[in-house]
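Me: I would like to go through a structure and learn how to read its local features. Please take them one at a time.

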Amino acid sequence: MRDPYSTLGIARTASDADIKSAYRKLAKELHPDRNKDNPNASEKFSDATRAYDLLSDKAKRAQFDRGEIDADGNPANPFAGMGARPGYGRSGPYGGGPGGGPGGGDFGGFGADDVDLGDLFEGLFGGRARQQQAQQQAAGRRGFGRQPPPPPPRRGADIQYRLAVPFVEAASGRDQRITLADGKAINLKLPAGVEDGTMMRLKDKGHPGTGGNGDGIVMIDIGAHPFFRRDGDNIRMDLPITLDEAVRGAKVKCPTVDGAVMLTIKPGSSSGTVLRLAGKGWTRKTAKADGAGNERGDQLVTIEIQLPADLAALETRLDGWVDTARPREKFGL
C-alpha cells in the first residue's frame, strides 16, 4: 500500500482533526455507491480506510513514523534484501576473489576492514543493531541479516455500505436495520452525536481471507428534514402562530423528533422569540446516564407570527388605532 500520508493527501505534521477530515472527504468521494462505473474506487476506498486506521491510532502512527512498522501495520525489516550468500567475495580493484585476496572474505560488497559495522548499525538502528551484529558474526558472518519471514496471511477485503438514516431517527439515536452482503440483517446502534458521513466498522463482516475476514465499513448518510435543522447538539425550527395567539397567549402543539408536545406562548410574544424545549435535541455522549449513557441537546423554537390571509376584518378592528412603538429606533431611524 502507498504511504498512508500520501493516500490521505496530508502532511506528516497533520493533526488528528486533519486526518479525520481528509478521510471523511475521501470516503465520500470514493464510496462505491458514487462510483459504480469506476472499478478502482472500492480498492482506493479500502486503502484510505487502512491509512486512516493506522494514522488515527497514535501508537501505530508513532511506530510508522519511526520506521518500525510498514503501511500495513506489519513489522518492518530494515535488512531485507541486504544479505549476501556465503563465500561471495568482492572483485575489482579493492577486493580479490571468493575467500581470498585483499578485501576477500565472506561479505558481498564490503570488506571486513572497510567499515566499522558497530558504528554503522548503532547510528542507524540503536542498540538493537549490536545484538543483531553479534548474532551474525556468531553465524560465520554469512550476511547482514536473516531472511525476512514469510508475509502473514492477508485478511479479506472490507465491504463498504451506505446507510440512509432519517433525520429524526439519527437525532434520537434509534437503532437501524442493515442487510449485509451475505443476506443477513442486523441491528446497528448509532453512536451518540452521529453526524452525516460518520464511518462505522463492523468487525469481521467483510470478505473472507486466509488471515480472517475483512470488516464491514458503514457510512452514515443522514437525510434532510423539511423543518428541523441541526445546530450542534441542538435542533432548531420555526413555529408559525396566529396574531391572536401572539397577543393573547396560547398553548399550541409543537413537533419534536420524539413527537408533538404542548408549547406555551406567552401573551404579547413577538416574532423571533426563541423558546427552548430541554432534552429534545440531538444525542450527545456525556458522563451523565439516561439509561444508555447519553444526553440530549435542546430544541430551539423560533416563533413566527402569521397574519390572516383576509385582512379586511383585521383592518376594521384596527381602524383609527396606531401603534406608537418605535421598533426601528435602535437603528437611528
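Me: Is aspartate 204 buried, partly exposed or exposed?

Reply: The model is a predicted one. Exposure is read from relative accessible area, with buried under 20% and exposed over 50%. Aspartate 204 has a relative accessible area of 39%, so aspartate 204 is partly exposed.

Me: Where does aspartate 204 lie, and what is its phi?

Reply: Aspartate 204 sits in the loop between β4 and β5. Its phi is near 65°, a positive value in a residue other than glycine.

Me: What sense of pairing do β4 and β5 have, and over how many bridges?

Reply: The two strands are antiparallel, and four bridges join them.

Me: In what order do the strands of the open sheet run?

Reply: The order is β1-β5-β4, three strands with mixed pairing. An edge strand pairs on one side only, and here the edges are β1 (159–165) and β4 (199–202). Ignoring direction, neighbouring strands in this sheet are turned by 30° against each other on average.

Me: How many aromatic pairs are there?

Reply: Two rings pair if their centres lie within 6.5 Å. The count by this rule is five aromatic pairs. One of them is tyrosine 5 with phenylalanine 64, with 6.3 Å from centre to centre and 45° between the planes, a tilted pair. This pair links distant parts of the chain, since tyrosine 5 belongs to helix α1 (residues 4–8) and phenylalanine 64 to helix α4 (residues 58–65), 59 residues apart. Tyrosine 5 and phenylalanine 64 are both buried.

Me: Why is the pair of phenylalanine 167 and phenylalanine 228 stacked?

Reply: Planes under 30 degrees apart count as stacked. The planes of phenylalanine 167 and phenylalanine 228 meet at 15° and the ring centres are 6.4 Å apart, so this pair is stacked. Phenylalanine 167 is in helix α7 (residues 167–172), while phenylalanine 228 is in the loop between β5 (216–222) and β6 (229–231), 61 residues apart. Both phenylalanine 167 and phenylalanine 228 are buried.

Me: Which rings are linked into a cluster?

Reply: The cluster consists of Phe167, Phe227, Phe228 and Trp282, linked by ring pairs.

Me: Back to α4: what is found at its start, and which residue follows it?

Reply: At the start of α4, a side-chain oxygen of aspartate 57 comes within 3.0 Å of the backbone nitrogen of alanine 59. After α4 comes glycine 67, with a positive phi near 80°.

Conventions: Residues are numbered from 1 along each chain as its sequence is written. This is a predicted model: local features need pLDDT of at least 70, side-chain atom pairs count only at pLDDT 80 or more; totals for chains, interfaces and linings use all residues. Side-chain values use heavy atoms; hydrogens and water are left out. Rings of Phe, Tyr and Trp (its six-membered ring) pair if their centres lie within 6.5 Å; planes under 30 degrees apart count as stacked, over 60 as edge-to-face and the rest as tilted. Buried means under 20% relative accessible area, exposed over 50%, partly exposed in between (1.4 Å probe, protein chains only). Two strands pair if DSSP finds at least two bridges between them. Axes are lines fitted to C-alpha atoms, for helices over the stretch in contact, and angles run from 0 to 180 degrees between N-to-C directions. A polar contact is a pair of N or O atoms within 3.5 Å; within protein, one must be able to donate a hydrogen and the other to accept it, and residues adjacent in sequence count only if both atoms are side-chain atoms.
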